[in-house]
Amino acid sequence: MTTIDLRARRAVRTSGASYKPGTPIEEVQRKLKLKSVIKLASNENALGPSPRAIAALRRATSSLHRYPDATCRALREQAAKHLRVAPDSLIFGNGSDELIVMALRAFVDPGEEVVVASPTFLIYELQAKVAGASVRVVPLRDYRYDLVAMKAAVTPSTKLVFIANPDNPTGTYVTKTELEEFLRGLPSQTIVFMDEAYYEFVEAKDYPQTLRYVADRSMIVTRSFSKAYGLAGLRVGYGIAQPSLIAAMDAVREPFNVNSLAQAAAAAALGDHAFLARTRRVNAQGRRMLTAALDELRLRYVPSVTNFLLIELGPRAALLAQALLRHGVIVREMSAWKLSGCIRVTIGTPAENRRFLTALKVCLRNGGGS
Ligand SMILES: Cc1ncc(COP(=O)(O)O)c(C=O)c1O
């Protein structure tokens with residue numbers, strides 16, 4: 001058997017299941033013969049893409065016969081200015097997902113340890129297993145990262161610790177104080193991977209501004225254009241770290257990993273401050289409206305700083321998610337996260353939020369039947 005076969009077998013054997021994305025709108029329309037379907041299942045931007053990004057995309061189409069800039073030069077310069085960091089402390093990925101894979105490839109050899117929380121973003125554990133890492137899983141406490149327990153799980157062979165901040169699927173965050181306590185005395189060979197895919201939504205005063213730590217320690221901070229910037233379909237994310245860590249990740253990067261349309265749109269979206277402000281405002285209003293309605297329905301949910309809510313529905317949760325689908329509302333059923341009593345709902349436009357609540361009330365009244 002070749003090395004390739006062995007790797008493929010190991011990947012399937014060790015990761016068990018592959019990642020199951022949210023159900024696409026078209027699939028639900030076709031299967032359930034529904035005209036109008038809304039998707040509140042993948043934490044995408046309710047307002048669509050940034051208008052500036054769309055204009056930049058149109059302009060970029062005339063160069064589609066060219067390979068993309070392998071260094072993402074224009075996007076890199078724009079992002080470096082925006083973040084006030086050096087251009088060589090940035091790396092771009094085909095979504096921030098790809099940066100997770102690059103970090104594992106660059107820093108973790110088979111048998112070395114990776115520490116993850118549970119439940120959290122599923123890709124960390126799936127991809128760590130594919131990389132042949134030994135994964136130490138630390139349970140959340142009250143739906144929050146337990147950084148004290150995660151630090152206790154770190155050993156001399158721990159290469160990476162993944163922290164989603166804010167976390168998906170809970171929507172909670174670790175505070176500056178908690179993070180600083182975690183970082184104090186952490187072995188220097190352990191790289192802390194701060195996944196900030198929902199960074200732009202957070203308004204909490206005690207949320208850590210991690211770019212302050214990047215220069216002095218082994219830390220990679222990643223952010224995404226898929227959420228607040230509304231570009232999930234194009235797949236762009238970026239990482240910020242010391243140039244030596246960036247160089248190591250760059251060495252395992254595919255040369256043309258970020259396509260030219262994605263680069264153009266992302267650079268334009270970074271400058272679309274009005275769109276970002278509207279996104280934040282609509283999201284905060286929607287979150288207030290939804291949580292007030294859930295309070296009225298006496299349903300428990302996890303307080304969230306993001307654009308989604310984890311709602312406890314008890315044993316009927318999967319049935320209710322199916323029933324909501326028949327009303328044309330796609331939400332996330334949570335058994336893959338071992339949270340089978342919950343659903344996760346992305347905060348939508350005001351009309352989408354109203355439609356979700358109306359459908360939920362009907363389904364609750366019918367006991368999850370329809
Ligand atoms: C915590 C977290 N990290 C990373 C990602 C991946 O985002 P991207 O679309 O940039 O790959 C997601 C997407 O849902 C996420 O929830």
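Guide: N43 sits in the loop between strand 1 (38-39) and helix 3 (51-60). Helices and strands here are DSSP runs, numbered from the N terminus (H or I, at least four residues, for a helix; E, at least two, for a strand). The model is predicted, so local features need pLDDT of at least 70 and side-chain atom pairs pLDDT 80 or more, while totals for chains, interfaces and linings use all residues. Residue numbers start from 1 along each chain as its sequence is written.

N43 is not a glycine, yet its phi is positive, about 55 degrees. Is N43 buried or exposed? It is buried, because it has 25 C-beta neighbours inside 10 Å. The cut-offs are 20 or more other C-beta atoms within 10 Å for buried, 12 or fewer for exposed, and partly exposed in between, with C-beta atoms placed from the backbone.

N168 is in contact with N43 and F121, leaving aside neighbours within four places in sequence. Contact means that the C-beta atoms, placed from the backbone, lie within 7 Å. N168 belongs to the loop between strand 5 (158-164) and helix 8 (176-183). N168 is buried too, because 23 C-beta neighbours fall inside 10 Å. Its C-alpha atom is 8.9 Å from that of Y198, 30 residues apart along the chain.

A cis peptide bond joins N165 to P166, with omega about 0 degrees. Another cis bond links S118 and P119, with omega about -5 degrees. P119 is in the loop between strand 3 (113-118) and helix 6 (123-130).

Now compare R298. Phi of R298 is near 55 degrees, again positive in a residue other than glycine. R298 is in the loop between helix 12 and strand 9 (300-301).

Buried in helix 12 are F275, T279, N283, G286, R287 and L290. These buried residues pack against helix 3, strand 10 (308-312) and helix 14 (350-365).

The buried residues of helix 11 pack against helix 3 and helix 4 (73-83). Helix 11 is mostly covered, with 10 of its 11 residues buried. Among them are L261, Q263, A265 and L270.

A103 touches L160, F193, I220 and M249, not counting residues up to four places away in sequence.

Next, the domains. Domain 1 covers 3-36 + 274-365, and domain 2 covers 51-271. The bounds come from an automatic or database domain assignment. The domain centres, taken over C-alpha atoms, are 23 Å apart. At the interface, 24 residues of domain 1 are in contact with 24 residues of domain 2. On the domain 1 side, helix 1 (3-15), helix 12 and strand 10 each supply at least two residues. The largest share of that side, 5 residues, comes from helix 12. That side divides into 13 nonpolar, 7 polar and 4 charged residues. Ala, Val, Leu, Ile, Met, Phe, Trp, Tyr, Cys and Pro count as nonpolar, Asp, Glu, Lys and Arg as charged, and the others, Gly among them, as polar.

Last, the ligand. It is surrounded by 13 residues, and the closest are G95, S96, D97, S224 and S226. A residue counts as near when its C-beta atom, placed from the backbone, lies within 6 Å. The shell divides into 4 nonpolar, 7 polar and 2 charged residues.

Conventions: Contact = placed C-beta atoms within 7 Å.
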